[in-house]
Amino acid sequence: MNSVTNLTEADAANELMRLAKAIAHHDRLYHAEDAPEISDPEYDALVRRNAELEAAFPHLVREDSPSRKVGHTASSSPLSKVTHEVRMMSLDNAFNAEEVEEWIARVRRFLSLSESDPVAFTAEDKIDGLSCSLRYENGTLVRAATRGDGQVGEDVTANVAHISDIPQQLPEGAPEVFEIRGEVYMGRADFAALNARQEEEGGKLFANPRNAAAGSLRQKDASVTAQRPLKFWAHGWGAASEVPGETQEQVVRTLESWGVPVSPLFARFESAAEIVAHYDKIAAQRPDLPYEIDGVVYKVDRLDFQLRLGFVAKAPRWALAHKFPAERAETTLESIDIQVGRTGKLTPVGRLAPVLVGGVTVTNVTLHNRDEIARLGVRPGDRVVVQRAGDVIPQLVDNLTREVEREPFVFPERCPECDSEAVAEEGEVDVRCTGGLICPAQRTERLKHFVSRGALDIDGLGEKTIDQFFALGWLESPADIFRLKDRREAILALDGWKERSVDNLLASVEARREPDAARLLFGLGIRHVGAVTARDLMKHFHELPALREAAEQARAGDEDAAAALTSIDGIGSAVVEALGDFFHEDHNTAVWEDLLTQVSPPRYVVETKESPVSGKTVVFTGKLETMSRDEAKAQAERLGAKASGSVSAKTDLLVAGPGAGSKLKKAAELGIEVIDEAGWAEIVKGAG
Ligand code: ZN
C-alpha cells in the first residue's frame, strides 16, 4: 500500500470507495451470514487504512464511510459465540446537568418518594473500553465473554487469562455463580507505547486506546493478547446465585475486597447537587487521568430500588451515563490550503500546528467550503479550537482571535491547480473549477468520461491506458486522443502492447472522426450537460458553433439568447449558466477549438421518420444486448417516439430484454404490447 501522503486525490477517493465497499462486504459476511472471509487483524487493517485516508483527505469522507457507522469494530472474528444468561444492558445518556436532574426526578416519581425521602446514588467515571462479562462458578473463572450485541458475545476466556487484573479464582465465600461485569481497557501510556512499537515493527497502528483494547482482546491467538498491556475494572454484575450486598456501593466494595479492580473515583452521594459537583471534578481531572473516559455513570444505590425501577427497552431506569462534551484543544491555524477534487470542487483544508485532541494528533481539519470559512472568520495565524468526539473526524469549532485585526482569508477565484476561473453557482456553497478539460485534478477523469460508452465510446482506451498515456504526457486533452496515431511506434514499445492491439485502438479512434455532435458535447463533461440535455441542445442548434455562440451571447447579457436557450424543452438556467461559464474560460475554448481540428461532427438532425412507433410512448426494460439504454432511447426519438422511464396507461410499447421484472408485469396487466430487442431492431431497420 502506498503511504497516504504519496497518494493523489483521485487515488485516495478511489481507495476510499473500495474500502467502503469492502468493509461493508465483510461486515455483512460476519453479521448476517456468519461466514467471515478475512481474519480479524486483516479486517482491522482495512478500517485503520480508511481512517488514515480520511484523516489525510478530510473532504473526501464518504456518506457511506465505515467510520460513520456504529459498531464497525464488531469485526469478523473466528471467536466462538456465547449467549449471556442475563442480558448486558446499555445506558441512557444525559448531556447536561438539567437532564441529570430530570432523571433523578423521574426516579423519585417512579418510586413514589416524597421530597424528604433520601435516595442515594453512586457515581464513577465511565472508561472507554470494551465491555466484558466474567463468569465464576464455585469461585473459578469459567468463561469470559465480550458484550457483543448484549445477548450474544464472543468467548474470550483464553484471552483474559493474560490480563492480570482479572482473577482466575475468587476468594472463599464467593457466591456459587457470579458474573462480574466491567471494562477491558488500555491506558494512555500503554497505548502510546504499543503504537510506537507497532510502528517500529511495521505492524498496524491503532486509532485510539479503545480500538487497541478491542483488537488486542478479540484475538483467536491468545498469545497476541498476552503481549498487550490490557487492564480491567468492574462496575457491575450479571447472573448471580447470590448478591453480596444490599446496595451498589456494598457490592462494588465486596468486588474490590475480592481483588477485582474498580474505579478509583467511585463514590456515593445523596443529592443531585453533589453528583453534579463530582462530575465537574472528574471532568477537570480528565486530561490528567492515565486512561480515557467519556463520562460519569450514576446508579441508584439501593438494590431493592433498582429492582423496582427495572428496565425500559435495553437500558435500566436506575442508571444514567452523563457524557462529557467532545474533547477540544486549542491550536494555531497555520495555513488554509485549497484542494481540488475530481469533480472540480475546491475544498479548503486547514493546516494546524499539531495538537493532541482526545488522544489523537490532529494536523488537518476540513473547512468544508467558503461559507464555513466566512462563518468562522478564520485566517492563517488565528488561534482556533479543534474538537473531536469519539472517532469522529476533527472539526474546527471556534476562532479565538476573530476580533484581532487581520486581513480576512480570500477564497480563491481561480483554481490553484490550473488557474481556471473557480465559481459557485447561484444558491450553491461549493466553488468549482471551470477548467474541467485542462485541470490536472480533473483531467484524467474527464478523459475517461470523454471516451466512455455514452460519450465517444472509443473501444480499447480503458482507464488504465488513459492513466498510463496521461502520465507519459500523451493525453493532455481530448484532441490528443486523435493524435495517438502519430505515436504508434511509441505505444508498441510499451509493455503489453502488440501490433494488433495498437492497430485496434487506433482503428477505434479513427472510427470517431465524425462523431455524433450530441455525444461529443456530452463527452466534454460540462456541468449539468448530461446525455439527454446534450441531445436536446443539439436538436435545437444542429451545429456546435451555433450552440457556443448562443451560450456566449447569453453570458454576455443578451436576454434574447438566454430566452432562446431556456425555451428549449428540458433546458433550464443552470444549464445556460454552466455553458456560459464553460465557453467563457479561455482554456476550455482552446481545448474545444483544438478538438474541432481533429473531428468533424456532421450536422445534428433528428429525422423523425415515419415509423410504426411515431408519436408513441416506448419504455425499455431489462438487459439490452446489442446497444446501451441511451442508444435505444435515441433510436426511439429518431423514430418519432417518446422514450419514457416508467410504464403507465400512456405507454404504447414495452421493449423487454432478459431480466425484465416489474415493468413487464405491469405492462401485461395494462394490456400493453410487449416486444423483445430483436423485435425492436426490426422496427428500427424497417424505418431505415
Ligand atoms: Zn482546475
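**View 1. Tetrahedral zinc site of the predicted model.** The four donor atoms around the zinc ion subtend angles of 96 to 116°, which makes the arrangement tetrahedral; four donors receive that label if all angles lie between 85 and 135 degrees. The protein donors are the SG atoms of C415, C418, C433 and C439, lying 2.2 to 2.4 Å from the zinc ion, where a donor is an N, O or S atom within 2.8 Å of the metal (3.2 Å for Na, K and Ca), and water is not among the atoms, so sites may look incomplete. Along the sequence the donor residues follow the spacing C-x2-C-x14-C-x5-C.

Residues are numbered from 1 along each chain as its sequence is written, and side-chain values use heavy atoms, with hydrogens and water left out.

View 2. E124 lies in strand β3 (residues 121–127) and is buried at 3% relative accessibility. Beyond its neighbours within four places in sequence, E124 is in contact (heavy atoms within 4.5 Å) with residues including A234, H235, S263, L265 and K299. H278, in helix α9 (residues 272–285), is buried at 8% relative accessibility, and it touches A123, L265, A267 and F269 when residues up to four places away in sequence are not counted.

**View 3. Two separate nonpolar cores.** A nonpolar core is a set of buried Ala, Val, Leu, Ile, Met, Phe, Trp, Tyr and Cys residues joined through side-chain atoms within 4.5 Å. The largest has 85 residues, and those with the most contacts inside it are F469, I481, L521 and L537. Helix α21 (residues 573–584) gives the most to this core, with six residues. Apart from its neighbours within four places in sequence, I481 is in contact with L447, F450, V451, I458, L461, L475 and V509. A second, separate core of 36 residues includes I163, L170, F191 and A234.

View 4. Within helix α25 (residues 677–687), the residues E677, W680, I683 and A687 are buried. Seen down the axis of α25, these buried residues fall within an arc of 115°, so they line one face of the helix; the arc is that of the directions from the helix axis to the C-beta atoms. The elements covering the buried residues of α25 include β21 (617–621), α23 (629–638), β23 (653–656) and β24 (673–675). On the face of α25 turned away from its buried side are the exposed residues E682, K685 and G686.

How values were computed. This is a predicted model: local features need pLDDT of at least 70, side-chain atom pairs count only at pLDDT 80 or more; totals for chains, interfaces and linings use all residues. Four donors count as tetrahedral if all angles lie between 85 and 135 degrees; four count as square planar and six as octahedral if opposite donors are over 155 degrees apart and all others between 65 and 115; anything else is irregular. Helices (H or I, at least four residues) and strands (E, at least two) are DSSP runs, numbered from the N terminus. Buried means under 20% relative accessible area, exposed over 50%, partly exposed in between (1.4 Å probe, protein chains only).
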